[in-house]
Amino acid sequence: MSPRPKKNRVPIPAHVAAEVLFLADRTCCVCRDRNRPVQIHHIDDDPGNNLVQNLSVLCLECHRETQISGGFDRKLDAAQVTLYRDDWLRVVADARATSGSLRDEDRTVGVEVELATSLAEIYRDQEDWVGLALHYWSIGNDDLAARYTSKAIEAGVSVQTKVLLCTRIAGCANLVTTAEIEEALTDTSDWTSRARRLRDLGRTAEAVSEYISGIQRRLNDGNVFTAAYYLKELSESSLIAELFKIALAESVAEDDLWWQQRAMQELGWTEQRRNLLLQNAERIRAEGATHFLRELAWAESDEQAYVKARMDEARSRAALRVTRETTGKHD
Ligand SMILES: [Zn+2]
């Protein structure tokens, strides 16, 4: 590589600027005040050196401190800016990783940031717009993911890929037609991608059904790893919670109080469940079912009533068992 001419201003390419701003979460790496307007600073003072490693996000005030020459003020020099920058990028990446937008928790955050940049460069060099769109989606950058989705579609992609991108990436749903979605779902011979598409489309019951039949097929074929992999994917997805939400909506429509509060219990919506039970206390007492009285006692934090309900329940269960066994002997 030939040496870069000094002080020759070359505008920072838009995708590089976007990357740098994203990695720093549009925040000055020195003062970290999120309310200050920011600009991109060339660490080595060479405006022609637009490598990501040479760029940092600074607010105008902190930027001014890099320009001080002489006097009593200590200049914010390149080495310091680099230290602040690297530390801040780690903080941002860490926050994103714990909020679930970065994958593979085993990798160190420093490697993750570097890797995100290098992977984007590889996809860009190869004009792999689908790879680039999915890459930005995986690191939580919806704007760039949407931009490269449009670019991929313009360049031409299969209907399966188009549906994959448009159902997964925020703001792209309008780029695909219902007919294309149906075509992709019937066309694919791969049940797992069908399960995932249905999941992304919010077709919960169909998606779960597709996962389960696929998992069963893999088990029957002796493909234990793949079965376990998709079983894990299913159990870690929001699909199970979505099923409980559907059940909740159905029990609301049927005015079935017991199953409403059960669905809330499974969803972990403790406060909503407590409120529902308290609001319906009279109705529950009037019906007098022991299992329902037990839940009401829990909501009212009434220990005595709770113990009584549990004992009543045990008595009626025991009575039921005795009846069954006695009638059994007479048969
Ligand atoms: Zn600042």
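With which residue does E313 form a salt bridge, and how far apart are the closest N and O atoms? E313 pairs with R317, the closest N and O atoms being 3.5 Å apart, where a salt bridge is a side-chain nitrogen of Lys or Arg within 4 Å of a carboxyl oxygen of Asp or Glu.

This is a predicted model, in which local features need pLDDT of at least 70 and side-chain atom pairs count only at pLDDT 80 or more, while totals for chains, interfaces and linings use all residues. Residues are numbered from 1 along each chain as its sequence is written, and side-chain values use heavy atoms, with hydrogens and water left out.

**The chain as a whole**

The protein chain has 17 helices and two strands, the helices (H or I, at least four residues) and strands (E, at least two) being DSSP runs numbered from the N terminus. Of the 331 residues in the protein chain, 37% are buried; buried means under 20% relative accessible area, exposed over 50%, and partly exposed in between, with a 1.4 Å probe and protein chains only. Contact means heavy atoms within 4.5 Å, and among contacts in the protein chain between residues at least 6 apart in sequence, 48% join residues at least 24 apart. The protein chain exposes about 20,000 Å², of which carbon and sulfur atoms supply 52%; accessible areas come from the Shrake-Rupley method with a 1.4 Å probe, and for residues only the protein chains shown count as cover.

**The zinc site**

The zinc ion has as its protein donors the SG atoms of C28, C31, C59 and C62, lying 2.3 Å from it. Donors are N, O and S atoms within 2.8 Å of the metal (3.2 Å for Na, K and Ca), and water is not among the atoms, so sites may look incomplete. Along the chain, the donors of the zinc ion follow the spacing C-x2-C-x27-C-x2-C. The arrangement is tetrahedral because the four donor atoms around the zinc ion subtend angles of 102 to 117 degrees, and four donors count as tetrahedral if all angles lie between 85 and 135 degrees. C28 is buried, at 0% relative accessibility, whereas C31 is partly exposed, with a relative accessible area of 30%.

| Pair | Closest N to O distance |
|---|---|
| D312 and R315 | 3.0 Å |
| E313 and R317 | 3.5 Å |

E313 and R317 both lie in helix α17, four residues apart, about one turn of the helix, and E313 is buried with a relative accessible area of 7%. Elsewhere, salt bridges that share partners join R168, R196, R197, R199, D200 and E233 into one network. D312 and R315 also both lie in helix α17, three residues apart, about one turn of the helix; D312 is partly exposed at 23% relative accessibility, while R315 is exposed at 51%. In the remaining tabulated pair, D86 is partly exposed with a relative accessible area of 30%, and R85 is buried at 9% relative accessibility.

Helix α17, which covers residues 303–330, also holds M311, and M311 is partly exposed with a relative accessible area of 44%. Together with Y306 and V307, M311 makes a nonpolar surface patch of about 260 Å². Patches are made of residues with over 30% relative accessible area and no salt bridge, like charges being joined within 9 Å and nonpolar side chains (Val, Leu, Ile, Met, Phe, Trp, Tyr) within 5 Å.

**R273 and its surroundings**

R273 lies in helix α14, residues 270–279, and is buried with a relative accessible area of 6%. Not counting residues up to four places away in sequence, R273 touches Q261, M264, Q265, E295 and W298. R273 and A299 are 26 residues apart in sequence, yet 8.1 Å apart in space, C-alpha to C-alpha.

**Two loop residues with positive phi**

Most residues other than glycine have a negative phi. R26 is not a glycine but has a positive phi of about 50 degrees; R26 is in the loop between α1 (14–23) and β1 (38–42) and counts as exposed, at 56% relative accessibility. D255, also not a glycine, has a positive phi of about 55 degrees. The place of D255 is in the loop between α12 (239–253) and α13 (257–267), and D255 counts as partly exposed at 47% relative accessibility.

Definitions and conventions:
Four donors count as tetrahedral if all angles lie between 85 and 135 degrees; four count as square planar and six as octahedral if opposite donors are over 155 degrees apart and all others between 65 and 115; anything else is irregular.
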